[in-house]
Amino acid sequence: MASSMPPEAILEGAAKPSGSEQSVLEKHVAFFDRNHDGIVYPWETFEGFRAIGAGYLLSMTGAFLIHFALSSKTRPGKYPSPFFPIEVKNIHLAKHGSDSGVYDSDGRFVSLKFEEIFRKFARTHGNALTSGELMAMLKANREPQDYKGWIGSWTEWMTLYNLCKDNDGLLRKEIVKGVYDGSLFERMERDRKPHRK
């Protein structure tokens, strides 16, 4: 069914007209590029996880798994590197199956797919997901025999839920939107700085 909405209402973070603008998916990943050189190394991902409040074990495990899974996909045609770098500009090549479809194949944000998450699965509260609703969404998004995609989606969403659920156990819509565009990570780091001092 064709949408009557204009394309700009459906896609955000569209193609890079000037060559310098990042897609929304690139912005999501760029937070972990701590020195802003366009390449993310495992120690930068570890530092990024720590900056948003993840514990040492989660930060170490997350950094290892993310880089092991994504490095070669973002570096097509290049020899494997023992440092497992991720190239931010190619992160769209590492998109996995069984996901929500909120990022399109070019890393752009698809507003209709984002709204669909809450329209379909947020039954208790219209603008938040319970843990059960989150699990129902993950199950509905599974593609047949896409075990890597299932694990990838489950890991991403459960990490988000455990780090960002509120006191009522709800994952709020504005939090999820902030994860997609990367702004949540920056906000979490800013909020933590006074506590670290």
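Start with H36. H36 is exposed, with a relative accessible area of 67%. On the terms: buried means under 20% relative accessible area, exposed means over 50%, and partly exposed is in between, using a 1.4 Å probe and protein chains only. H36 is not a glycine, yet its phi is positive, about 60 degrees. It sits in the loop between α2 and β2 (39–40). Helices here are DSSP runs of H or I with at least four residues, strands are runs of E with at least two, and both are numbered from the N terminus.

A word on where this comes from. This is a predicted model, so local features need pLDDT of at least 70, side-chain atom pairs count only at pLDDT 80 or more, and totals for chains, interfaces and linings use all residues. Residues are numbered from 1 along each chain as its sequence is written, and side-chain values use heavy atoms, with hydrogens and water left out.

Stay in that loop. D37 lies there too, between α2 and β2. D37 counts as partly exposed, at 41% relative accessibility. Its side chain reaches the backbone nitrogen of I39 at 2.9 Å. That falls under polar contacts: a pair of N or O atoms within 3.5 Å, where within protein one must be able to donate a hydrogen and the other to accept it, and residues adjacent in sequence count only if both atoms are side-chain atoms. D37 also pairs up across the sequence. E87 is 50 residues away along the chain, but the two C-alpha atoms are separated by 9.4 Å.

Now F84. Here is another positive phi in a residue other than glycine, near 50 degrees. F84 is in the loop between α4 and β3. At 32% relative accessibility, it is partly exposed.

Next, Q22. It is found in the loop between β1 (11–12) and α2. Q22 is partly exposed, with a relative accessible area of 31%. What does Q22 touch, not counting residues up to four places away in sequence? K27, A30 and V88. Contact means heavy atoms within 4.5 Å. Look also at K89. It is 67 residues from Q22 along the chain, and their C-alpha atoms are separated by 7.8 Å.

On to S100. Is S100 buried or exposed? Buried, with a relative accessible area of 12%. It is found in the loop between β3 (86–87) and β4 (109–110). Its side chain makes a polar contact of 2.8 Å with the side chain of Y180. The S100 side chain also reaches the backbone nitrogen of V102, at 3.3 Å. Leaving out residues up to four places away in sequence, S100 touches K113, I117, N141 and Y180.

Now the empty space. Rolling a probe the size of a water molecule over the atoms shows where empty space is left. A pocket here is an open set of points on a 1 Å grid over the protein atoms alone, where a 1.4 Å probe fits, with protein on both sides within 12 Å along at least five of seven lines; lining residues have an atom within 4 Å of a point. The largest pocket holds about 1400 Å³ of space. That volume is the space filled by probe spheres set on the points, with grid points joined across faces, edges and corners.

Who lines it? The lining of the largest pocket has 47 residues, and I66, L70, H96, G152 and E156 lie nearest the centre. Helix α7 gives the most, with 12 residues. Helices supplying at least two residues each include α2 (24–30), α4 (56–70) and α7 (147–164). By class, the lining has 28 nonpolar, 13 polar and 6 charged residues. Nonpolar covers Ala, Val, Leu, Ile, Met, Phe, Trp, Tyr, Cys and Pro; charged covers Asp, Glu, Lys and Arg; the others, Gly among them, are polar.

Last, the whole protein. It has 9 helices and 6 strands. Of its 197 residues, 41% are buried.
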